[in-house]
Amino acid sequence: MNLDLDKRAVESYKSSSQRARVLTEAWVNKEAYCPNCGNARLTKYSNNKPVADFFCRSCNEDFELKSKKDSFGAKIVDGDYQAMLKRLADVHNPNFFLLNYDLCSYQVLNFFVIPKHFFVPEIIEERKPLSIDAERAEWIGCNILLSRMPEAGRIFLVKDGQVKPKEDVCAVWQKTLFLREKKKAESRGWILDVMRCIEAVRKKEFTLADIYKFESILFEQHPDNRHIKDKIRQQLQILRDKGYLVFLGKGRYGLA
Ligand SMILES: [Zn+2]
């Protein structure tokens, strides 16, 4: 994977947003592979296709590309809030590629994919409506909260200018595919929240008590649920059944 962006491709474009778009799309077209099946090339959709930007000819996964000069931070500004919520419920929701680059050196710095099964309503934040005077008065946009997403949902192909081995990327992708079996975003939301708790413990082995410590945080996130501990155990069971965790006995767990 070559991290150079091809400046020659954008010489004829005046607007900087257009230049950025063309530059990064051209790079993905040339250098990115499919993290789902490992296919060496992705194909660009024609510009009038609103579904996504790229797809894989071999496994049909769709990918949307978002790129930014600066790093991504805790949230990503996205489009229409209602349209986004509707999209989450759709099986054709694309995976997200996020690319950030340096415009001095014309180099890709970070390039990661968020698999579509990590998109649940909990990570979509409603923005304030635009003011009455704005051209699109009262329009409501959304933010994608990267901070509310488990780290397992950010799979880096390039991190801080270092290319990650393709086998590792594809293996990490496979690890969480079981989430797609949960068709309802709501049940996925619970698993993802418990995955975040497990990551926050920062240990390869942990106990049930370690996760119970997050009870009050989980209650804030799911105020309608009065049985948080039951819910935690249930999610751990699912994660065990799907090979994400192993039970070590006596309330101890390990990452698979
Ligand atoms: Zn593929």
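Leaving aside residues up to four places away in sequence, L3 touches Q107, V108, V158 and G161. This is a predicted model, so please take everything I say as computed from it. L3 itself sits in the segment before α1, the helix that covers 16–31. Is L3 buried, exposed or partly exposed? It has 18 C-beta neighbours inside 10 Å, and therefore counts as partly exposed; a buried residue would need 20 or more. Another residue to look at here is L109: L3 and L109 are 106 residues apart in sequence, yet their C-alpha atoms are 7.8 Å apart in space.

Next, the strands around that place. Strand β6 is made of residues 107–114, and seven bridges join it to strand β5, residues 95–102, with the two running antiparallel.

Now to a separate sheet. Which strands form it, and in what order? There are three, in the order β4-β8-β7, and they make an open sheet with antiparallel pairing. β4, residues 75–80, and β7, residues 124–126, stand at the edges; each has a single partner strand, so one side of each is left without a neighbour in the sheet. From one strand to the next, the twist averages 35°.

Within this sheet, β7 pairs with β8, residues 141–145, over three bridges in the antiparallel sense. One of the residues to look at is E125, which has N143 as its bridge partner in β8. Across β4, β7 and β8 lies helix α2, residues 81–88, and its direction is at about 95° to β4.

Let me step back to the protein chain. How many helices and strands does the chain have? The count is seven helices and 13 strands. The C-alpha trace spans about 65 × 50 × 30 Å along its principal axes. The radius of gyration is 20 Å; for 256 residues a compact globule would come out near 18 Å, so the value agrees. Of the 256 residues, 25% are buried. Taking contacts between residues at least 6 apart in sequence, 55% join residues at least 24 apart.

Last, the domains. The chain is divided into domain 1, which is 1–176, and domain 2, which is 182–256. How far apart are the C-alpha centres of domain 1 and domain 2? They lie 28 Å apart. Where the domains meet, eleven residues of domain 1 are in contact with nine residues of domain 2. On the domain 1 side of that contact, seven residues are nonpolar, one is polar and three are charged.

That is where I will stop.

Methods:
Residues numbered from 1 in each chain as written. Predicted model: local features only at pLDDT ≥ 70, side-chain atom pairs only at ≥ 80, totals over all residues. Pairing = 2+ DSSP bridges. Helix = DSSP H or I, 4+ residues; strand = E, 2+ residues; numbered from the N terminus. Axes fitted to C-alpha atoms, helices over the stretch in contact; angles between N-to-C directions. Contact = placed C-beta atoms within 7 Å. Rg over C-alpha atoms; globule rule 2.2 N^0.38 Å. Buried ≥ 20, exposed ≤ 12 C-beta atoms within 10 Å, placed from the backbone. Domains from an automatic or database assignment. Nonpolar A, V, L, I, M, F, W, Y, C, P; charged D, E, K, R; others polar.
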